[in-house]
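Good morning, and thank you for the time on the agenda. Please look at the sequence and the structure as they come up on the screen.

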Amino acid sequence: MPRLELYSPEGLRIDGRRWNELRRFECKINTHPNSSDGSSYVEQGNSKVICTVQGPMEPKLRSQMNHDEANIEVNISIANFATFQRKKRSKNERRIVELKNTLENTVKQCIITTLYPRTLISINIQVLSQDGGLLSSMTNAMTLSLIDAGISMYDYVSSISVGLFDQFPLLDLNTLEENELSYLTVGVIGKSDKLVMLMLENKVPLDKLEELISLAIAGSHRLRDLMDNEVKRHGKLRLKNLN
Amino acid sequence: MSYHKEFIKNGERLNGRKLSELRVPEVDIGQNGELTISAGDTKIFIKISSEISKPYDDKPNEGILIINNDIDNDILSRIVEKSIRKSNALDLESLVISTGKICWIIKIDLNILNFDGNLIDYCILGIMINLLLYKLPNYDIVDNSIKLYNLDEKAPISLSILHIPICFTISFYNPSTIEMNLKSDEVFEISLFDADKQEEDLRDSYMVITLNSNKEIIQLSKLGGIPINSVEVLKLCEICYDKAKEMTQWIKDVVKKEEEKTSDRVKMLAAVDQR
């Protein structure tokens with residue numbers, strides 16, 4: 001197979017985007033009002049994620065109870081048909097456990113957990129289709145469903161991946177790009193420059209790191225605005241129905 | 001506990017080290033493939049062993065590397081995996097004897113003997129020194145079967161190591177409130193290197209960086225925890241790079257010293273070979 005032209009000399013990527021363009025980002029909140037306290041559906045390009053939140057509720061087990069703050073639990077399930085090749089994944093796969101721990105530790109920072117002592121907040125993430133940016137789309141979906149559930153938070157957590165092609169940073173990679181390039185995923189709370197989550201798994205020259213991180217932060221801020229629009233739209237709709 | 005935290009907030013450590021000061025590791029080299037590394041009270045025994053085997057069907061051009069640890073810690077094994085296997089520190093292609101049929105299988109077993117913080121860094125350090133020193137037995141292919149020589153029968157083969165990943169874990173402490181950490185633009189979070197057990201218990205978040213002396217970052221993970229300013233993260237990466245250069249030199253010195261010890265024997269063997 002000939003090597004894919006990931007970034008043409010004219011500055012176009014494989015799907016026709018420029019280096020600093022996001023993929024189509026669509027999100028909806030309150031998609032499953034009957035089965036959960038908060039829910040959301042996020043599409044980032046062809047990545048599709050559903051997230052539902054149950055809680056704050058009384059934990060089933062005493063051991064899950066924390067007397068000072070809420071206990072937060074994240075469950076991830078990736079559908080067998082999520083990738084191009086059908087594949088069964090176990091929940092205990094190391095990579096998935098790592099993602100789960102990362103999401104738990106990330107979301108703990110933005111929820112005001114001390115407001116919900118002795119409760120459990122259970123977050124369930126369903127990945128329907130995977131096309132790059134797995135961690136980032138899960139984070140974004142999680143934020144939206146927590147907002148829908150009405151849980152007190154300091155700010156949005158938004159996340160995006162950036163890759164490095166030769167010398168050029170590229171924003172929001174799809175699977176084809178992710179397979180070829182080294183990339184990192186960044187998570188930011190609100191509109192700050194502070195990184196709550198940072199994951200890089202392939203080789204990247206140290207000199208390029210600054211460029212990558214600043215692009216990722218800009219992308220995350222953009223996503224935060226897009227999510228904010230959806231939350232406002234939904235809020236207005238509800239208000240209208242009330243009247 | 002709170003007394004210790006108060007101490008760290010003032011930028012001091014109970015163990016008397018400076019914030020960015022590392023412990024000096026001690027390496028005790030045993031027989032081929034056996035090594036004990038200790039730093040402070042952290043002590044890890046690392047054993048490398050090798051066998052002849054068949055490559056995986058989907059990777060006929062690669063040998064097999066297996067890394068086990070006895071405490072079944074997910075974070076430790078993931079980071080060791082990313083730093084050593086995924087970064088191609090050990091050239092797996094060089095382990096193939098006959099494509100798709102015969103290859104070496106290298107097993108690394110980590111036994112944690114004592115824990116006093118910072119397992120990840122010292123595990124990776126120990127593995128790399130051990131891999132650099134490890135010798136595979138020499139072999140001949142006779143009538144489609146493999147004949148292995150003892151280590152002192154014929155000069156053994158060294159592994160081909162493509163680069164030396166060095167890992168650093170940085171612990172972060174928030175001396176103020178959560179709100180201050182989220183809203184303030186100032187950098188007041190305290191970061192310290194090579195935490196011991198007490199310091200690990202107290203930390204609010206941590207970041208693990210693996211890099212090599214070619215100025216490449218191999219792996220970087222900050223899995224949640226308190227947010228840290230991106231400028232500060234970059235600054236820390238630069239500090240780590242300087243430390244990695246020193247560490248690489250230190251590793252090379254250790255390996256050189258050890259090889260000189262055995263070189264006399266090897267020279268003798270080479271002479272026997274020529275005859």
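First, the conventions. This is a predicted model, in which local features need pLDDT of at least 70 and side-chain atom pairs count only at pLDDT 80 or more, while totals for chains, interfaces and linings use all residues. Residues are numbered from 1 along each chain as its sequence is written, chains are lettered from A and ligands numbered from 1 in the order in which they are written, and side-chain values use heavy atoms, with hydrogens and water left out.

Let me begin with the interface. With contact taken as heavy atoms within 4.5 Å, 31 residues of chain A touch 37 residues of chain B. The size of an interface is often given as the accessible area lost when the parts come together. Here the buried area, that is, the accessible area (1.4 Å probe) lost by the two parts on being put together and summed over both, is about 3200 Å², and carbon and sulfur atoms give 56% of it.

How many salt bridges does the rule find across the interface of chain A and chain B? A salt bridge requires a side-chain nitrogen of Lys or Arg within 4 Å of a carboxyl oxygen of Asp or Glu, and the rule finds nine across this interface. One of the salt bridges links Lys194(A) to Glu189(B), with the closest N and O atoms 3.3 Å apart.

Which elements of chain A give two or more residues to the side that touches chain B? They are helix H1 (94–110), strand E9 (194–200), strand E10 (204–205) and helix H4 (209–242); helices (H or I, at least four residues) and strands (E, at least two) are DSSP runs numbered from the N terminus. H1(A) supplies the largest share, eight residues.

Strands also pair between the chains, a pair needing at least two DSSP bridges. E9(A) is joined by three bridges to the antiparallel strand E14 (residues 216–222) of chain B, where Lys222(B) is the bridge partner of Leu198(A).

I turn now to the backbone. The peptide bond from Gly55(A) to Pro56(A) is cis, with omega near 0 degrees, and Pro56(A) lies in strand E3 (residues 47–57) of chain A.

In chain B, Asn118(B) is not a glycine, yet has a positive phi of about 55 degrees. Asn118(B) sits in the loop between strand E6 (102–114) and helix H3 (119–133). Is Asn118(B) buried or exposed? Buried means under 20% relative accessible area, exposed over 50%, and partly exposed in between (1.4 Å probe, protein chains only); at 3%, Asn118(B) counts as buried.
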